[in-house]
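My entries follow in the order in which I made them.

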Amino acid sequence: MKLWTKAVLTVAALSLAACTDPGGFGNDDDFGAGTDSGQGSNADPSSIAYFQEAVGDRVLFVVDQSTLSEQGRLVVLAQANWLMQNTDYVAVIEGHADEQGTREYNLALGARRSSAVKELLVSQGVASNRIRTLSYGKERPIEICSEESCYAQNRRAVTVLTANLSG
Amino acid sequence: MRLFATLVIGILTMGQLAHPVVAQSQPLRIEITDGVIEPMPFAVPDFVAETPGSNQVAKDISRVIAADLNGTGLFREIPAKAHISSITNFGSPVQFADWKAVNAQALITGGVSVSGNQLEVKFRVYDVFAGTELGNGLRFKGTTDGWRRMGHKVADVVYERITGEGGYFDSRVVYVAETGPKSNRKKRLAVMDYDGANLQYLTDSSSIVLAPRFSPTGDRVLYTSYETGFPQVYVLDVGSVRRKVLSNESGTMSFAPRFSPDGKSVVMSVTEGGNTDLYKMDIGSGKRQRLTSTPSIETAPSYSPDGSKIVFESDRSGSQQIYVMSSGGGEATRISFGKGRYGTPVWSPRGDLIAFTKQHKGRFHIGVMRTDGSEERLLTASFLDEGPTWSPNGRVIMFTRETRGAGGAASLYSVDVSGRNLKPVKINGGGSDPSWSPLQ
C-alpha cells in the first residue's frame, strides 16, 4: 500500500547566490516556530506575517504518511497563489515527524512530507528554484507532550519564507 | 588529542616468580554462553606502589579494574574490607588460603611505578582455588596521563583469560551530548571512554548533529550536521577535530553514514526529491555509487564485518523492515518478519548477529537476530529505545533510551547480548546515538 509516489522533479541547480549563505535560508534555530520579528505586519498582504497567519504556513500529516489531506492541499494551493504574487520571496519547506519513530526513518519521512508540498507548489507554477526542501525528522518538535494531541502538531511541513535579497 | 600515545606491553620474566604451568582439570572459567550465571567473586587488592608518590595512581588503577569487571555483571568484587590479608609486595608468593577464606575465586595483584611522566604497571592473575597463576604476568608501560587506559588494559586481559572472549574496556564511545528543552534541544558531538571518563567535546552546539559513527580504527568519526542549514554527512578527525563535508550536493540531504570495514568508503542515505536511497562514496575520490533505486525509504545501512554485505532498513513492503543485500547493491532479501516495525540494523563485530530497533504496540525494543532473521530475541522494552551499537567483542550493546513527556530526556544505556545487566551509562547530562570504537 504505497501511498506515496516518487517525485519526478528535476531539481535545477538553485540560481540563488544567497544559498551559499546559510543565513539566507534561515539559521539552525529557525525551524518554523512562527516568530514574527522583522516579518512585517499581517495587515500587509505581502508580508511574511500575513503569509503565516492568513495564508497558513504549515500542513499536518497523519501517522507515517506524506500524502496531503484535502485541507492540507487547500493550504498549499493558497501558498502557491501567494508565492506567484509575491515573487520576491524564496521558500524552504521543512518536513517534520513526531517522536514515534527511529531517527533515520523520521528524517526520510520528513523529506517526503516537505517534498509533497514542493511538488504541489511547483505544479501550480511556482518556480522550483525558489523552493528548497529539507527534513528535521523528529529533531524539532513544537509540541512536547508524548500524546497524540502533540504528535499531530509535530507531523508537519512548514513553509518558511525569506526575502530573496539576491534577486 | 590522544591521551595515551604509546603502550608497551611486555611479558614479565622475573625468573623467581615464574610459576610452572599446571594442567588443570577445571580451569577458572566463566562460560558466558550459559543461560544464567552466578557472577564470579574476585579480589583486586590495591596495587603495590613501588615508587614514592605512586600510591594514589596504584589505588586508582585497581579501582578501574574492579569497576570494569563488576560492570560486566559476570564478576563480583570481594570488597577490600572483607579481605583478611593484603598484598604489600608484588614479588612475594601469594597466600592462597587467605583469599580462599574470603571466597575470592580470582585474584589480581599488581605493582605500579612512576618515573617522571612514565608509568609502569605489572600484574598477575591467579586462580585461587587451584592455587595457580592464570597465564603469565604482564607489564604495561605508558605515560601517567594514560593511567585509566592501563587499568582498562589489565581488566581486558583478566576478562579474556577468564571468559575466553576478547575484552572491551579499553575502548571509547562517540555520542551526541544533549542539553536544553525538548523543543529546542542543543546537540554536540562528544567522545569519552566506554565508562564515561575522559569526556571531550568534538563540536559546539551551534548546529544539530546526529548519529556519529566511529571508523574501524577509531581515528575518524562520520556524522550528520545541519551546519549549512541542510543535513549533510561530515567526516571528522578525532585527533585534530578537523572536519570536512563529504556530500554537499545542492538540493539533496545526506545522513545515516557508516564506514566500510576497510575505512575507505562510506555507505549512507541520500535524499533527492523526497526519495531516500543508499549510496556508497569513496572518501578519497568523492566518487559516488548508487546502491538502491526504489521509490521507498532506504536508510540505516551497516556493513557485515567482511564487507561483503550491507544490512539496512526499507519500507518497500509498506512498513519499515530489515533487508540484506550485497555491498555492491542489487537484490535485497528481507530478514525481519516478526510483528511490528524494524529499523536501525547493525551487524555485530563477530558477524553472527544483527542488532535492531523494533516498534510494536507503541513500545520500542532493542533486539538481536541471526543474520538470516532467525532466532529473534528482544533485550529491552521502553517508551523509546533505539540505535544499538556493539561493544568491540560483540558482547554488549549500548543504545539510546528516551523518556516520555514534556520533560522527556535521552540517555545512554547498555545491555548484555543475553538481555542481562541492563544499566545506564554514566554521562554528564543527556546523550543519544552512541557509537562504540574498536579496542584501542
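**Entry 1: chain A overall**

I note at the start that this is a predicted model. I looked up the secondary structure of chain A and found 4 helices and 4 strands. Along the sequence they follow the pattern α-β-α-β-α-β-α-β. Chain A has 167 residues, and 53% of them are buried. I also looked at contacts in chain A with a separation of 6 or more: 75% of these join residues 24 or more positions apart.

**Entry 2: H1 against H2 in chain A**

I took helix H1 (residues 48–56) and helix H2 (residues 70–85) of chain A next. Their axes come within 10 Å and cross at roughly 145°. I logged the crossing of H1(A) and H2(A) as right-handed. On the H1(A) side I listed Tyr50(A), Phe51(A), Val55(A) and Gly56(A), which meet Val75(A), Ala78(A), Gln79(A) and Trp82(A) of H2(A). By class this contact has 6 nonpolar and 2 polar residues, and no charged ones.

**Entry 3: H2 against H3 in chain A**

How far apart are the axes of H2(A) and H3(A), and at what angle do these helices pack? I read 9 Å for the axes and an angle of about 50°. H2(A) and H3(A) are therefore oblique to each other. The crossing of H2(A) and H3(A) is right-handed. From H2(A), the residues in the contact are Arg73(A), Val76(A), Leu77(A), Gln79(A), Ala80(A) and Leu83(A); from H3(A) they are Val117(A), Leu120(A) and Leu121(A). I sorted the contact of H2(A) with H3(A) into 7 nonpolar residues, 1 polar and 1 charged.

**Entry 4: Leu107(A)**

I stayed with helix H3 (residues 103–123) of chain A, where Leu107(A) lies.

**Entry 5: H1 against H3 in chain B**

I moved to chain B and took helix H1 (residues 55–71) with helix H3 (residues 147–163). The axes come within 8 Å and cross at roughly 45°. H1(B) and H3(B) are therefore oblique to each other, and their crossing is right-handed. H1(B) brings Val57(B), Asp60(B), Ile61(B), Val64(B), Ile65(B), Asp68(B) and Leu69(B) to the contact, and the residues from H3(B) include Trp147(B), Arg148(B), Met150(B) and Tyr159(B). I counted the classes for this contact of H1(B) with H3(B) as 11 nonpolar, 2 polar and 3 charged.

**Entry 6: aromatic rings**

I counted aromatic pairs over all chains and got 18. I picked out Tyr159(B) and Phe169(B): the ring centres are 5.6 Å apart and the planes stand at 90°, so the pair is edge-to-face. Tyr159(B) is in helix H3 of chain B and Phe169(B) is in the loop between H3 and strand E9 (172–179), so the pair ties together parts that are 10 residues apart in sequence. Tyr159(B) is buried, at a relative accessible area of 0%. Phe169(B) also has 0% relative accessibility and counts as buried. Which residues form one aromatic cluster? I wrote down Phe42(B), Phe75(B), Tyr159(B), Tyr168(B), Phe169(B), Tyr194(B) and Trp436(B).

**Entry 7: two loop residues in chain B**

I found Ser54(B) in the loop between strand E3 (48–49) and H1 of chain B. Ser54(B) has 0% relative accessibility and counts as buried. Beyond four places away in sequence, Ser54(B) touches Ala49(B), Val112(B) and Val114(B).

I then went to Ala381(B), in the loop between strand E27 (377–378) and strand E28 (385–390) of chain B. With residues up to four places away left out, Ala381(B) touches Arg363(B), Phe364(B), His365(B) and Arg401(B). The C-alpha atoms of Ala381(B) and Ile366(B) are separated by 7.1 Å, and these residues are 15 apart along the chain.

Key: Residues numbered from 1 in each chain as written. Chains lettered and ligands numbered in written order. Predicted model: local features only at pLDDT ≥ 70, side-chain atom pairs only at ≥ 80, totals over all residues. Heavy atoms only, no water. Axes fitted to C-alpha atoms, helices over the stretch in contact; angles between N-to-C directions. Parallel < 35°, antiparallel > 145°, perpendicular 65-115°, else oblique. Left-handed = near helix turned anticlockwise from the far one by under 90°. Contact = heavy atoms within 4.5 Å. Nonpolar A, V, L, I, M, F, W, Y, C, P; charged D, E, K, R; others polar. Phe/Tyr/Trp six-rings, centres within 6.5 Å; stacked < 30°, edge-to-face > 60°. Buried < 20%, exposed > 50% of the residue type's maximum accessible area, 1.4 Å probe, protein only.
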